[in-house]
Amino acid sequence: MLITGETKDFTLITPDAEISETTHGGRAKCVQRLLRLDVPVPRTVALSFEAVHLIAEGRRPDTARLLSAFGRAPLVSVRPSSQDPDWGGPGAILNIGMNNERHADLAERLGREAADALYLRFITAYAGEVARLDPEPFEAAAEADDPVAAALAAFELEADMPFPQAPAKQLAEVLRSMARAWEGVSARLLRQARGAPIDAGLGLVVQDMAIGLGPGESGTGVIRMIDKVTGARHISGRYKRKSLAMRAMGRKGTEIFLAADPRGPSMEQAAPDLFAELAAIADRCRRRLREEMEIKFAVTEGRLQVLDAIRAPRSARANVTVAVDLAEDGIISREEALLRVEPGSLTELLHSQVDREAKREVLFRGIAASPGGATGRLVFTARAAQTSASHEMPCILVRRETTPEDIRGMHAAQGIITERGGMTSHAAVIARGLGLPCIVGAGGIRISTRTKTVTLPDGRELKEGDLVTVDGTAGEALDGAVAMLEPALDAPFRKLMDWADTVRDIGIRANADTPDDARVAHAFAADGIGLCRTEHMFFEPARLMVMREMIFTDSVTDRQAALDQLLPMQREDFVELFRIMAGLPVCIRLFDPPLHEFLPSEREGMMSLAESLDLPLSDVVRRIEALSEFNPMLGMRGVRLGVTMPEIYDMQVRAIFEATVAASRQSGAAVVPEVMIPLVSAKREVELVKSRIDAVAAAVRVETGTSFDYRLGVMVETPRAALRAGEIAANAAFLSFGTNDLTQMTYGLSRDDAGRFMNTYVQNGVFHEDPFHTLDREGVGELLMIGAERGRACRPDVVLSVCGEHGGDPDTIDFCRQAGFDYVSCSPFRVPVARLAAAHLALRAPGTSVTEA
C-alpha cells in the first residue's frame, strides 16, 4: 500500500505535506520547495527528528510499509537532513534494496558491469558504515574477477552472517546506524563546536534512486551557477555520461563540461535540451529559493531528475559577491544581504590566505592571533629580518616573545611566531595593526635564539633559513610553501560596506600609530583614528638613537636638547596623519610605555648602544639596570612619566599643535586634534598635565599667530579611573576605555603570559571565554558601565569609546551600543569586520525588521 500522507513514523514529501526545517531538517524542506517549483524530483519520504531519535533509542520503524511508497522492487538512498548543513551528519548511503535478485534483473537490463558496480558499492558502504567491518577485505574484493561474489563472501566471513537480502531489513539497519551515529558522543561534540545546540535533531530522507544509466542519454552530475572562489556568475560543475551505448564501445563513462567550452565536449552540445532544462531549473531555484544552489542531478534515458539542492559551497569572497548580486537583482533586500555575510568571514578578503584546499603538513599549532597567510624563511632576530627584507627575501620572524625593540623586524617580516603570549600580547597587537599573520602562545615548541632553532613537539628541529608558511587564521605553522589566495577588496566588497554604513548606529575608528597605518584605516573607511600610540613613532633607527640619548641623560637641559631633535620628527608624522585622515578625527595618545622598553635587552644591543653613545659598556648596563622595574606595566609609565618628566609631554603636545596649524593651513579647513592622557588613576594627574598642555597651546597660538581648538581626554585603563570617572570627566571632553590594560588590572593577569593557562581555564569553565579576546561583561563590563554613568553624570556631553583590541569584537560592539558609547576603535584590518558587525547589531535590534525583496 502506498503512503499517501503523514504517519507516525514518516511523511511522503509533497508540496502540501507538513514539513519544516525545525522538525524534518533542511534537506527535507528543500525537497518540498523543489516540488513546489515543479522541479522533477524522485519520490522522497522524510523521517522527523523525533522518529530518528526513537530509532536511535531502539525502536524499529515499519520499513516494509515505508518502502511500499517506492514500488515492488525498491531501490533507494538515505541522506541526512539536519537543521543546519554546517552541523555535519552521517554520510549518504545509496542503492539500498540491491540484492541478488535485483542484481540479476539489472544485469539483464543494463549489463553485468553496471549491475556489479551498483551492488558492489552498496555492499561496501553497508559493510563499512552499517556493519562496521574492516574495509580491507572489501577493497581486495573489488579487484577480484567476480567482485560481487567476493564481496558477499567477505561480508559473510567478517560478519558471521550472510549479507541481508530483504530491502526492509537493509533499510532498517541503515536507519538505525545513521540515527545512532548522530547521537554518538564524538558527533555531538563536533556539531556543538560548530554552533549546534546540545539537543539538535537529525531527520533522514529516503529517496527513490535515479541511477543515471540506460540505453539513451544517461549520466549524473552537479551544476553551480557561480564560481565558488570569486562568486562571479559562471556555470560550473560536471556531467558524467554513462549511457549503455558508451559502455558497449568500452567507455565506462566520460566526464564532460556542462556549458560549451573550447577545452572539450559539453552537455550543452551533446544534449542541448537537457542542458537548457537544467539551467532553467538552476535559475528558478535562484529566484524562488533566493539563493545560489548546487544541484545534484541524474539523467536516465533522456529524463532529467534533481536529486538534491544545497546552498552552493563558496569562499568568503564569493559569499559577499553572491549576497550583493542577489540584492542588486532585487531577489533579496540590502538588509538581508548584509545579514548573509558573517562579519568574521571578511578577514579572508582583507589578507592573503592559505588555500584551504591545498595540501598542508602542520608543524605545530598556537593561538591564531592575527589572520592571513605568508610564506618565508625563518629568522630569529629583528636585525636578521631587516637584512632579509633588504635582500628582498621573505622571512618569518620567530621570537620567544616580542618587545618594542623588535618593531623594525616585525615591519620587515611577512609573518610572526612567538612561543609565548596571548591575543593581546605585544606580538598579537602589532601584527594585527600591520596586517601580518601571527601565531602566539605556541607552547609545544622551544625556541632557542642562541642556536637559532625551533624544537617541534615531536622532537624535530627547524633551523634558520627553513621555509615555513604561517596560517594566522587557523593558528598553524606549515611545512614549506603552501598555495595562497590573494585579498579581494573588489566592487561587491565596497558596496556591501557602503550598505553597512547606512544602517550602523555606532562609530568605528581605527587604532593607527603611523602614516602607513592611517592609510590602511582611511582605505577601510574608518570614521577616524581612535588611538594613535605615539611611542611607536620612535622606533625608526634614527629616532630610536635620539630617544636613547634622551633616556641616558641626567640633566633637564640635555634631555630637552634631545627632545628638541625629536619634535620636528613627531610634528612631521602628525601633519601626515591629519593630511591622510582629511578632516576626520584623530585621537593621539601621549607617551605611555616604560622608558626601559626603548633600551636593548641583549648584550649585543648594549654593545652597539655603548658605541653609538660613546659610553663604556658598564655605564650602559648600569643605566639599563637602574631603569628596570619589578613590574614595569604598573611602574613608571603613562601619565606618571608626564608628571615626573613633564618636558616629554610638552614636546609631544607642541608637535601636535604645530602640526595642527600646518595641516589647517594646507587643507584650508580647521583641524581639531584629540589629545589623550594615558593610564590615569586620579583627578589631580589630569589637572597637572592639563595645565601644561594649555600653556603649550597658548604659546603655539602666540608664536604662529593662529587660533585653533583641541579636545583633551583621558584613557581609562585602571579600575580606579573607572570608579572615579565622575571627577575625572570634569577636565575631559572624552573618556576612552583602554580595555587591554583594564582587563589586565581587573583580573590581575598578564596578557603576555595568560596564554599558558587560558585554554585550561576556559575548558574548566573558570572563564566563559578568554577575557583578552572577548570583553568580560560581568567584571570589566561593569567597570565600563560605572565609568560611563559617572562620567556622563558629571559631564553629559562627554564622548565615550572603547579603544582596546576588544573594539573589533562583535560582542564588545554590542555591549557598547547598549551602553550608549559613541564609537569603538580597533586595528585597521578589523575595521571592515567591525563596520559589518555594527550593521548586523543595528538590523537585529528589537523593533527592527529586515525587509525582503
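Predicted model: local features only at pLDDT ≥ 70, side-chain atom pairs only at ≥ 80, totals over all residues.
**Entry 1: cavities**

The largest cavity holds about 120 Å³ of space.

The lining of the largest cavity is made of 14 residues. Nearest its centre I find I430, L434, D513, D517 and H536. By class, the lining has six nonpolar, five polar and three charged residues.

Which helix gives the largest share of this lining? That is α19, with four residues. I place α19 at residues 426-434. Helix α18, residues 407-412, also supplies at least two lining residues.

I checked C395 by name, and it is in no disulfide. The nearest cysteine sulfur belongs to C438 and is 14 Å away. C395 is also buried, because its relative accessible area is 0%.

I turned to C816. The cut-off I needed here is 2.5 Å between the sulfur atoms. C816 is buried as well, because its relative accessible area is 0%.

I moved on to β21, residues 467-471. Is this strand mostly covered or mostly open? It is mostly covered, since four of its five residues are buried.

I noted two pairings. Strand β14, residues 373-379, pairs with β21 in the antiparallel sense over five bridges. There, G376 stands opposite V468 of β21. Strand β22, residues 476-479, also pairs with β21 in the antiparallel sense, over four bridges. In that pairing, V470 has A477 of β22 as its bridge partner.

β21 and β22 form a hairpin with four residues between the strands.

**Entry 2: strand β31**

I then looked at β31, residues 823-826. Which of its faces are covered? Both are. Y823 and S825 are buried on one side, and V824 and C826 are buried on the other.

For partners, I found β24, residues 507-511, running parallel to β31 and joined to it by four bridges. R509 has S825 of β31 as its bridge partner. Strand β30, residues 799-802, also runs parallel to β31, joined by two bridges. Here V802 stands opposite V824.

**Entry 3: two loop residues**

S68 sits in the loop between α4 (63-67) and β3 (76-82). Is S68 buried or exposed? S68 counts as buried, because its relative accessibility is 16% and the cut-off for buried is under 20%. What lies by its side chain? A polar atom of the S68 side chain is 2.5 Å from the backbone oxygen of R65.

I445 lies in the loop between β17 (438-440) and β18 (446-448). It counts as buried, because its relative accessibility is 1%. I also compared I445 with R365. The two are 80 residues apart in sequence. In space, their C-alpha atoms are 9.0 Å apart.

Conventions
Residues numbered from 1 in each chain as written. Heavy atoms only, no water. 1 Å grid on protein atoms, 1.4 Å probe; cavity = no way out; pocket = protein on both sides within 12 Å on 5 of 7 lines; lining within 4 Å. Points joined across faces, edges and corners; volume = space filled by probe spheres on them. Nonpolar A, V, L, I, M, F, W, Y, C, P; charged D, E, K, R; others polar. Buried < 20%, exposed > 50% of the residue type's maximum accessible area, 1.4 Å probe, protein only. Polar contact = N/O pair within 3.5 Å; in protein donor to acceptor, adjacent residues only side chain to side chain. Pairing = 2+ DSSP bridges.
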